[in-house]
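Subject: Model for your files

Hello,

Here is the model I said I would pass on. My notes on the sheet and the cavities follow below it.

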Amino acid sequence: MTTSEARRYQNLRAHLGYLKLNDAADALNTVLDAARHEHLSLTAALERLLEIEVEATEARRLTSRLRFACLPAPWTLTDFDFAAQPGVDEKLVRDLATLRFLDDASNVLFVGPPGVGKTMLATALARGAAEAGARVYFTTAADLAARCHKAALEGRWNTCMRFFAGPRLLVIDELGYLPLPGDGASALFQVINQRYLKSSTILTTNVGIADWAGAFGDATVAAAMLDRLLHRAAVVGIDGPSYRLRSHQRAADTLRAAAGHRAGQTGPSHAS
Ligand code: ADP
Ligand code: MG
């Protein structure tokens, strides 16, 4: 390298650093070497250098979106065993996984008893959305109610509402498991209402839609909320067996089989 070339290299590195293109700065030497050895054109070399920076930026942004999202587990749709859950409409779930529902601010409701995979599917869709570049936030109905309640007491109601209006996709898990505290139903209604027709919400619940009035203790709020939620929505009812119980069942069966086997070995007097 001649002195002027060396100075140019240092300047270029400094420029990249000043523009905070640090991954490109780190890769500069390697890319220049490759360009020399592989006789790359100037365009090809620049493309390779900037590609490195773009990929690193994308990875950083995804990490930060996933950190913000607070997903309860790293589940993706490939983890979901459709064969084990005949109660779910696989075609509908795969269609939802295309994320087209985000484009027209449609909602998704997962309705079913505990253990059938509602949280898992909601999380998998949310993860897909974050990977596709959307801002996603996962919360439970109880947590949302508690945060809104606290915000109201501290005079931060508007900030709190803006926070829940922000994400392109909001997941509200476990509606109906516990009765919502005091003003919880109305906080939830306001969150749903301000997102209505603007951005998508995924809700999971063990309460059949017909029983919402009872679960909210207020038929008018329940009806108004359902009205907005269902106006544009996919309702995924899952009425199959509980996966949780299924694995407990399997563990219990294994234990029983082992116990039976031992009993068989020690003689019929021990068998029960
Ligand atoms: P729900 O929210 O309906 O109560 P979850 O989504 O929390 O159920 O699922 C309960 C547990 O069972 C989780 O550990 C989840 O990973 C697992 N699970 C449920 N359904 C399936 C499935 N079809 N395939 C694989 N794992 C499943
Ligand atoms: Mg759940």
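Strand E3 (residues 169-175) is mostly covered in this predicted model, with six of its seven residues buried. Buried means under 20% relative accessible area, exposed over 50% and partly exposed in between, with a 1.4 Å probe and protein chains only. Helices (H or I, at least four residues) and strands (E, at least two) are DSSP runs, numbered from the N terminus.

E3 pairs with E2 in the parallel sense over five bridges; two strands pair if DSSP finds at least two bridges between them. Val-136 has Leu-169 of E3 as its bridge partner, and Phe-138 has Val-171. E3 is also joined to E4 by five bridges, again parallel, and there Ile-172 has Leu-203 of E4 as its partner.

The open sheet has five strands in the order E2-E3-E4-E1-E5, with parallel pairing. E2 (136-140) and E5 (233-237) are at the edges with a single partner strand each, so one side of each has no neighbour in the sheet. On average, neighbouring strands are turned by 10 degrees against each other, direction ignored. Axes are lines fitted to C-alpha atoms, for helices over the stretch in contact, and angles run from 0 to 180 degrees between N-to-C directions.

Helix H6 (residues 118-131) packs on this sheet and touches E1 (107-111), E2, E3 and E4 (200-205), where contact means heavy atoms within 4.5 Å. The direction of H6 makes about 170 degrees with that of E3.

There are two cavities of 30 Å³ or more. A cavity is a set of points on a 1 Å grid over the protein atoms alone where a 1.4 Å probe fits but cannot get out, and lining residues have an atom within 4 Å of a point. Grid points are joined across faces, edges and corners, and a volume is the space filled by probe spheres set on the points.

The largest cavity holds about 70 Å³. Helix H10 (residues 212-216) gives the most to its lining, with three residues. That lining has eight nonpolar, two polar and no charged residues. Ala, Val, Leu, Ile, Met, Phe, Trp, Tyr, Cys and Pro count as nonpolar, Asp, Glu, Lys and Arg as charged, and the others, Gly among them, as polar.

The second largest cavity holds about 30 Å³. Its lining divides into three nonpolar, three polar and three charged residues, including Arg-195, Tyr-196 and His-231.

Residues are numbered from 1 along each chain as its sequence is written, and chains are lettered from A and ligands numbered from 1 in the order in which they are written. Local features need pLDDT of at least 70, side-chain atom pairs count only at pLDDT 80 or more, totals for chains, interfaces and linings use all residues, and side-chain values use heavy atoms, with hydrogens and water left out.

Regards

Conventions:
On a 1 Å grid over the protein atoms alone, a cavity is a set of points where a 1.4 Å probe fits but cannot get out, and a pocket is an open set with protein on both sides within 12 Å along at least five of seven lines; lining residues have an atom within 4 Å of a point.
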